[in-house]
Amino acid sequence: MSKNIALITGVTGQDGSYLSEFLLAKGYEVHGIIRRSSVDYRERIAHLEGTPNFHLHYADMGDSMSLVKLVGKVQPTEIYNLAAQSHVQVSFDAPEFTADVDAVGVLRILEAVRTNHLEQSCKIYQASTSELYGKVEEVPQNEKTPFHPYSPYAVAKLYGFWIIKEYREAYNMFCCSGILFNHESERRGETFVTRKITLAAARIAQGKQDCLYLGNLDSLRDWGYAKDYVECMWLILQHDTPEDFVIATGVQHTVREFATLAFHHAGIELRWEGEGVNEKGIDVATGKVVVAVSEDFYRPTDVVNLWGDPTKAKKELGWNPQATSFEQLVELMVKHDIAKVAAEDAAANIRTMNLAEFLEKGIVK
Ligand code: NAP
Ligand code: F7E
């Protein structure tokens with residue numbers, strides 16, 4: 001039997017790290033693309049390095065030749081294209097870079113496969129997004145809901161979605177999109193709203209931060225657990241025919257509800273007062289303002305009503321959208337961040353103690 005060989009772009013990201021673990025457990029040979037940076041940030045996959053079937057390669061989504069050479073060398077049977085400038089707010093500040101990586105990058109992957117004559121043997125998963133629905137035209141959103149992208153990120157991802165569909169039809173390639181709604185975890189980037197909240201709740205509860213500043217508290221999201229969602233990426237490529245799927249939980253909450261529950265798990269009950277930019281989250285026990293609104297986190301255009309309908313994935317892929325509930329997700333993220341903040345303190349204390357000891361012994365002066 002021929003070996004399953006996966007190439008993952010975006011392997012150092014939240015989803016790339018979980019997907020690597022998932023595929024390694026299934027016996028895949030996993031190759032990941034990393035890019036050069038002055039600080040080698042591989043925290044999410046450090047535990048996998050050295051695993052016999054796990055290999056990392058330098059390449060960049062902006063560099064066609066690196067992708068062509070790598071696809072030729074690895075000869076993947078499946079490519080998971082997860083690499084992206086994935087922050088919606090940042091896409092307003094860096095729209096050209098976002099377009100290059102998130103739109104043209106997808107084309108570069110497709111052409112790298114064609115250049116190496118692998119179009120009939122290599123399946124491709126594209127990380128599409130609920131942001132495509134943007135200024136939503138129907139609620140909840142399914143595979144037939146029209147797209148209305150509402151940020152430079154979403155417009156770039158729209159190109160990615162359509163070029164995948166085009167190559168599927170033009171060249172008979174097995175390439176598909178997962179239209180994934182927001183998915184979070186202990187490994188979520190720290191500037192996305194959920195992780196920003198869980199880290200701040202942990203710090204405020206331990207007296208390390210006074211107040212958390214957020215943007216639009218009314219924004220509605222369908223939040224799932226990233227570890228559950230990577231299974232679905234794989235299931236999409238194991239389906240008989242190449243098709244696009246909405247991946248979501250089917251449950252919606254506001255940013256305010258996420259914050260209320262996160263602070264609860266950190267031992268702080270919140271009371272909300274005021275409206276709009278004057279709204280405050282107050283610690284019921286102390287009367288202190290621990291959450292406030294800052295216009296810095298408002299977006300020029302914001303997507304405010306995302307709610308996915310995962311019926312197709314449930315029926316055709318046998319995927320369980322409710323494996324981890326919203327309540328479980330918030331709790332596991334807060335628990336993780338409470339331990340992380342406490343460990344940072346412990347590490348700082350050890351460093352201080354060592355320094356004091358070294359000074360005393362004259363080892364450092
Ligand atoms: P993430 O944590 O931000 O990871 C993004 C990955 O892309 C990182 O590994 C990053 O590398 C890599 N990358 C960025 N620019 C690159 C370039 N020029 N060349 C090579 N690699 C590059 O994102 P995520 O949450 O795991 O999301 C994975 C994918 O799903 C993304 O395409 C995202 O747009 C999409 N998506 C995410 C969600 C969600 O809720 N998480 C929902 C729908 C769709 P560095 O580590 O070097 O920065
Ligand atoms: O914002 C509001 C913000 O940045 C969620 C990416 O993975 O999911 C993600 O994009 C909502 C927005 O995620 C703050 O205005 C309020 O309405 O966590 P987020 P996102 O923009 O939904 C999609 C599906 C992707 O594809 C993307 O790659 O929360 N919000 N206050 C805030 N957001 C942030 N970041 N920070 C705040 O302080």
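I took a polar contact to be a pair of N or O atoms within 3.5 Å; within protein, one must be able to donate a hydrogen and the other to accept it, and residues adjacent in sequence count only if both atoms are side-chain atoms. The model is predicted, with local features needing pLDDT of at least 70 and side-chain atom pairs counting only at pLDDT 80 or more, while totals for chains, interfaces and linings use all residues. I kept to residues numbered from 1 along each chain as its sequence is written, chains lettered from A and ligands numbered from 1 in the order in which they are written, and side-chain values from heavy atoms, without hydrogens and water.

Entry on ligand 2. I looked up polar contacts and found a polar side-chain atom of Arg188 at 2.9 Å from an oxygen atom of ligand 2, and one of Tyr153 at 2.7 Å from an oxygen atom of the ligand. A backbone N or O atom of Thr191 lies 3.0 Å from a nitrogen atom of ligand 2. Of the 700 Å² of accessible area that ligand 2 has on its own, the protein covers 96% (Shrake-Rupley method, 1.4 Å probe).

Entry on aromatic pairs. Tyr80 and Tyr125 form a tilted pair, because their ring centres are 6.1 Å apart and their planes stand at 40 degrees. This pair links distant parts of the chain, with Tyr80 in strand E4 (residues 78-81) and Tyr125 in strand E5 (residues 123-129), 45 residues apart (strands are DSSP runs of E, at least two residues; helices are runs of H or I, at least four). Tyr80 is buried at 0% relative accessibility, and Tyr125 is buried, also at 0% (buried means under 20% relative accessible area, with a 1.4 Å probe and protein chains only).

I next noted Tyr229 and Trp319, an edge-to-face pair with 5.3 Å from centre to centre and 85 degrees between the planes. Tyr229 lies in helix H7 and Trp319 in the loop between helix H9 and helix H10, so the pair ties together parts 90 residues apart in sequence. Both Tyr229 and Trp319 are buried.

Conventions
Phe/Tyr/Trp six-rings, centres within 6.5 Å; stacked < 30°, edge-to-face > 60°. Buried < 20%, exposed > 50% of the residue type's maximum accessible area, 1.4 Å probe, protein only.
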